[in-house]
Amino acid sequence: MSDIVLSVEHLSITFYKDKAVLPTIDDVSFTLKRGETLGIVGESGCGKSMTVNGILQMVPEPGKITGGSVKLNGEELVGLSERKLAERRGKEIALIFQEPMTSLNPLMRCGAQIAETILAHDRSVGRKEADARALELIKQVGIPMPEKIFDSIPGELSGGMRQRIVIAMALCNHPSVLICDEPTTALDVTIQAQILRLINEMKRSYNTGVIFITHDMGVIREMADQVMVMYAGQAVEYVDADELFRHPLHPYTQGLIRCIPSFGKDEDELYVIQGSVPMLDNLPKGCLFAPRCPYATDRCRVERPRFLGEKRHRVRCFLYGKEDGDA
């Protein structure tokens, strides 16, 4: 069995609005192995969640996948029928959102929601067995008084406990890939640390590949094995997490790392990357980061760079080496 559970190659997504053609995700590629966490990081509007929509084949209208391949355990998802995709979602690939109440039925008891997820993907399981497995999962995610929580509705729980219920639902069918889309944004710092620790524990227990989406470089440092930095729909740097923090290459990555608060810094204020992510209908002609980049040259303003470097550390910037495919 291959260690690679998810392979994304040259994924492109385009939105069509009126007569405008708006490229949203441009040529994104990465692989994910069992037991590995890929961190996808960038500001709001950089395409992190839309990349996930492409992986799940759930691009909202008027968007379309216009190129590339998404393989889950070697099976191509692009072009797969909706029925077969529905079988894969929730069983082989699961998703945790940032706000647990968007994932939970507010009128349905928590245990029953987990059990329903099990029953939806395993016809060999009866209701009694599904309930027993749901209760065991509630125990595994560290919720006190699991029998009471099993019979509680989401509104009776705290935000951290609701997120634990969502994690239990996501893992109930032992998925190969778990996608965490800003799962701690709505939680306070103490609960965030608990949820991050729980995701790591569950990843090890189930040998699941994890995609962790965030705008927080501090969380990336704690969670990720590999990192893909995204800007305006493009991957601009792809590298091992340790190498990223030791030797970030792209000016955007360098800026994100400088934004991490640190005790002991003799600074009057936090560092801020000047400017903002461009809108889809107003993308720069050249490098998409050039209007905000302190190192931009005339070439950067008229020509878009491709990925440079080797597989272990690739960067989309003219400052480094030769481009992929160059002699």
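How do the residues of the lining of the second largest pocket divide into nonpolar, polar and charged? The model is a predicted one, and the points below should be read accordingly.

1. Composition of the second largest pocket. The lining divides into 11 nonpolar, six polar and three charged residues. The pocket holds about 430 Å³ of space. Its lining is made by 20 residues, and those nearest the centre are Arg89, Gly90, Ala94, Leu95 and Phe97.

2. Elements around the second largest pocket. Two or more lining residues come from each of helix H1 (48–55), strand E6 (93–96), H3 and H6. Among these contributors, H3 gives the most, with four residues. The helices H3 and H6 are also packed against each other, with their axes 8 Å apart, and this pairing is taken up next.

3. Packing of H3 with H6. The two helices meet at an angle of about 20°. Because angles under 35 degrees count as roughly parallel, H3 is described as roughly parallel to H6. Their crossing is right-handed. On the H3 side the contact involves Cys110, Gln113, Ile114 and Thr117, and on the H6 side Ile165, Ala168 and Met169. These residues comprise five nonpolar and two polar, with no charged residue.

4. Packing of H3 with H4. What is the arrangement of H3 and H4 to each other? The axes of helix H3 (residues 110–121) and helix H4 (residues 127–140) come within 8 Å and cross at roughly 120°. The two helices are therefore oblique to each other. The crossing of H3 and H4 is right-handed. Gly111, Ala112, Ile114, Ala115, Glu116, Ile118 and Leu119 of H3 make the contact with Arg127, Ala130, Asp131, Arg133, Ala134, Leu137 and Ile138 of H4. By class, nine of these residues are nonpolar, one is polar and four are charged. Ile114 deserves a remark: this H3 residue takes part in the contact with H4 and also in the contact with H6.

5. Packing of H6 with H7. Helix H6 (residues 159–171) and helix H7 (residues 189–206) have axes 11 Å apart and pack at an angle of about 15°. That angle makes H6 roughly parallel to H7. The crossing is right-handed. Gly160, Gln163, Arg164, Ile167 and Leu171 of H6 meet Ile191, Gln194, Ile195, Leu198, Ile199, Met202 and Tyr206 of H7. The contact divides into eight nonpolar, three polar and one charged residue.

6. The largest pocket. This pocket has a volume of about 640 Å³. Of the 22 residues in its lining, Ser29, Phe30, Tyr238, Lys311 and Arg314 lie nearest the centre. Strand E1 (4–17), strand E2 (20–33) and strand E10 (234–240) are the elements that give two or more residues to this lining. The largest share, six residues, comes from E2. In terms of class, the lining holds six nonpolar, five polar and 11 charged residues. The corresponding division for the second largest pocket is 11 nonpolar, six polar and three charged.

7. The largest cavity. How many cavities of 30 Å³ or more does a search of the whole structure find? The search gives two. The largest cavity has a volume of about 80 Å³. It is lined by 14 residues, the closest to its centre being Pro251, Cys287, Cys293, Cys300 and Cys317. The lining of this cavity comprises 12 nonpolar residues, one polar and one charged.

8. The second largest cavity. About 30 Å³ of space lies in this cavity. The residues that line it are Ile55, Leu56, Leu77, Leu85, Arg88, Arg89 and Ile93. Five of the lining residues are nonpolar, none is polar and two are charged. Arg89 links this point to the first: the residue lines the second largest cavity and is also one of those nearest the centre of the second largest pocket.

How values were computed: Residues numbered from 1 in each chain as written. Predicted model: local features only at pLDDT ≥ 70, side-chain atom pairs only at ≥ 80, totals over all residues. Heavy atoms only, no water. Axes fitted to C-alpha atoms, helices over the stretch in contact; angles between N-to-C directions. Parallel < 35°, antiparallel > 145°, perpendicular 65-115°, else oblique. Left-handed = near helix turned anticlockwise from the far one by under 90°. Contact = heavy atoms within 4.5 Å. Nonpolar A, V, L, I, M, F, W, Y, C, P; charged D, E, K, R; others polar. 1 Å grid on protein atoms, 1.4 Å probe; cavity = no way out; pocket = protein on both sides within 12 Å on 5 of 7 lines; lining within 4 Å. Points joined across faces, edges and corners; volume = space filled by probe spheres on them.
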